[in-house]
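Visitor: Could you show me how to read contacts and an interface in a model like this one? I would like the general idea each time, then the case at hand.

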Amino acid sequence: TQLLEQSPQFLSIQEGENLTVYCNSSSVFSSLQWYRQEPGEGPVLLVTVVTGGEVKKLKRLTFQFGDARKDSSLHITAAQPGDTGLYLCAAPNWGAGNMLTFGGGTRLMVKP
Amino acid sequence: GAVVSQHPSWVICKSGTSVKIECRSLDFQATTMFWYRQFPKQSLMLMATSNEGSKATYEQGVEKDKFLINHASLTLSTLTVTSAHPEDSSFYICSASKHSTNEKLFFGSGTQLSVL
């Protein structure tokens, strides 16, 4: 079983601050996904990273895949209250098609 | 983009009753659907893989007789929580993809189950 460890578990910051969320594993992944989930809703895919060292930007969000494809990070610049939510990293299980294993999640609260 | 519809959005039931949750792929055929459970403030835990036309594959620790999965068509999978108890109260989410490998997953909006 591949394990994904996310840190921190909880993060409460003021509007305008920057933050980074980490997703780490001892396993190598073919790809890694980041999702954002709001209460009472299903997770929404933000990005998929595939290549080691890859960096993708989505407005104020920057996603990076580690060179060895074992870890990833999500950096948010100038956080806004609308960024509040549960951020999940997920990776496909080897040999199991598109079955995903999720990290424990990072619950972000951005205070105005 | 592809849409996965999940119903109901929330359900309250008495202990001992059974509850059926539906997951439909609205504009594509899904040979595989996944069912997840999520407890408050926790991440998603995979319960089972639903395969069209065959038996579901359950993750370790998930009782197949309690969580009945039926995937009778390429657009519908159902999860039935039988003889529900308060500890079954949780947020249940399904996901589906168009193909079995290397394909983006689309998630339903989830079902909040509360067992009294």
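Guide: Gladly! Contact means heavy atoms within 4.5 Å. By that rule, and leaving aside residues up to four places away in sequence, B:L46 touches A:M99, B:F34, B:W35, B:Y36 and B:E59. This is a predicted model, where local features need pLDDT of at least 70, side-chain atom pairs count only at pLDDT 80 or more, and totals for chains, interfaces and linings use all residues. Side-chain values use heavy atoms, without hydrogens and water, residues are numbered from 1 along each chain as its sequence is written, and chains are lettered from A and ligands numbered from 1 in the order in which they are written.

Visitor: Is B:L46 buried or exposed?

Guide: Buried means under 20% relative accessible area, exposed over 50%, partly exposed in between (1.4 Å probe, protein chains only). B:L46 counts as buried because its relative accessibility is 15%.

Visitor: How many residues of chain B are in contact with chain A?

Guide: Chain B brings 23 residues into contact with 18 residues of chain A.

Visitor: And what area is buried between chain B and chain A?

Guide: Buried area is the accessible area (1.4 Å probe) that two parts lose on being put together, summed over both. Here it is about 1,500 Å², with 59% given by carbon and sulfur atoms. Of the area that chain B buries against chain A, B:K41, B:S43 and B:F107 supply 29%, more than any other three residues.

Visitor: How many salt bridges does the rule find across the interface of chain B and chain A?

Guide: A salt bridge needs a side-chain nitrogen of Lys or Arg within 4 Å of a carboxyl oxygen of Asp or Glu. Across this interface of chain B and chain A, the rule finds zero.
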